[in-house]
Amino acid sequence: MAKLSFKNFTLLTSAERDLVLEWRNADRIRCRMTNSHRIAPEEHERFVASLAGRSDCSYFLFLVDEVPVGVLDFLRIDSREKTCEPGLYIGDERYLGMGFPLYFCAFAHAFDDMGCELLCGSVRKDNPVSYGIGKRIFGGLDTGETETERRIEFRRSDWLRRKKELWARIKDNFKVEGITWS
Amino acid sequence: MSNSEKYLQAFVTVLGIPAEDVPGLTYHCVPEWDSARHMELVAVIEEALGIMFEPDDILDFSGFEKGRELLSARYGVDFSK
């Protein structure tokens, strides 16, 4: 059974910050980002340091059995409107199969811990897989599109209706034992 | 092409694994079968067999044999043809 955990970027060690930068600059991940330029180490360090006092976004390192595996972030957190935009990627290619559990954790944290009512997101049109997971498994609703991206929303009511079943399947099919946040 | 052949071919095409190695495969047991390929596999099987997976079944589709069971029991796919 796998233990999933999430470590806030403000608590990362130097080695973990370096690992995240390495992932973020990998072509496979960088090309899917809105900001797709290669990030310099100094820029990365400044960015992580800047997160300490911010309430509009949060970033977490995703670990499976204490092995760093990916990144989960929540952007444009609006506590009045109770919305945010989750984003995620698997950095360690050996764990690409953990995408579904990571998706589940993103929704669980946003809706159940942060109290969001609505999650918004943009998915690049050249990333049909993320779009498919969001739409078909998590019940996302199309809200518009640009030339390059699709807009998708997730409602708390849909999450509440689906989460028990989803958790049962994530737990069984991915042998997940528990989820912790720090 | 029979339904069995179409089903097998979907794995070969999406995962890039020889047909003889496909039986017994389970999700994430080989690097080729990750979350992204899983969704591709679902799409290819749906098109090949003319069905549409329910959301819960996408997650329950955890292996080659399990997929056959689901398709047969829940979508009426006849693998004897």
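Biologist: Leaving aside its neighbours within four places in sequence, which residues is Ile45(B) in contact with?

Modeller: This is a predicted model: local features need pLDDT of at least 70, side-chain atom pairs count only at pLDDT 80 or more, and totals for chains, interfaces and linings use all residues, while side-chain values use heavy atoms, with hydrogens and water left out. Residues are numbered from 1 along each chain as its sequence is written; chains are lettered from A and ligands numbered from 1 in the order in which they are written. Contact means heavy atoms within 4.5 Å. On that basis Ile45(B) touches Tyr7(B), Ala10(B), Phe11(B), Gly50(B), Phe53(B), Phe61(B) and Leu71(B).

Biologist: Which residues touch the most other members of the largest nonpolar core?

Modeller: A nonpolar core is a set of buried Ala, Val, Leu, Ile, Met, Phe, Trp, Tyr and Cys residues joined through side-chain atoms within 4.5 Å. Buried means under 20% relative accessible area, exposed over 50%, partly exposed in between (1.4 Å probe, protein chains only). The largest core has 66 residues, and those touching the most other members are Phe11(B), Ile45(B), Phe61(B) and Leu71(B).

Biologist: Which helix gives the most to this core?

Modeller: Helices (H or I, at least four residues) and strands (E, at least two) are DSSP runs, numbered from the N terminus. The top contributor spans residues 99-113 and gives 10 residues: helix 4 of chain A.

Biologist: Within what arc do the buried residues of helix 2 of chain B fall?

Modeller: Helix 2 of chain B covers residues 35-49. Its buried residues are Ser35(B), His38(B), Met39(B), Leu41(B), Val42(B), Ile45(B), Glu46(B) and Leu49(B). The arc is taken from the directions from the helix axis to the C-beta atoms. Seen down the axis of helix 2 of chain B, the buried residues line one face, because they fall within an arc of 155 degrees.

Biologist: Which residue caps the N-terminal end of helix 2 of chain B?

Modeller: A polar contact is a pair of N or O atoms within 3.5 Å; within protein, one must be able to donate a hydrogen and the other to accept it, and residues adjacent in sequence count only if both atoms are side-chain atoms. The backbone nitrogen of Ala36(B) lies 3.0 Å from a side-chain oxygen of the capping residue, Asp34(B).

Biologist: What area is buried between chain B and chain A?

Modeller: In this pairing, 18 residues of chain B are in contact with 18 residues of chain A. Met39(B), Asp56(B) and Leu59(B) supply 39% of the area that chain B buries against chain A. Buried area is the accessible area (1.4 Å probe) that two parts lose on being put together, summed over both. Carbon and sulfur atoms give 62% of the total, which is about 1600 Å².

Biologist: Is Ile90(A) buried or exposed?

Modeller: Ile90(A) is found in strand 4 (residues 83-90) of chain A. Among its contacts beyond four places in sequence are Phe62(A), Val69(A) and Leu102(A). The C-alpha atoms of Ile90(A) and Phe62(A) are separated by 8.4 Å. With a relative accessible area of 7%, Ile90(A) is buried.

Biologist: What is the phi of Asp65(A)?

Modeller: Asp65(A) sits in the loop between strand 2 (58-64) and strand 3 (67-78) of chain A. At 41% relative accessible area, Asp65(A) is partly exposed. Most residues other than glycine have a negative phi. Asp65(A) has a positive one, near 50 degrees.

Terms used:
Expected span 1.5 Å × (residues − 1).
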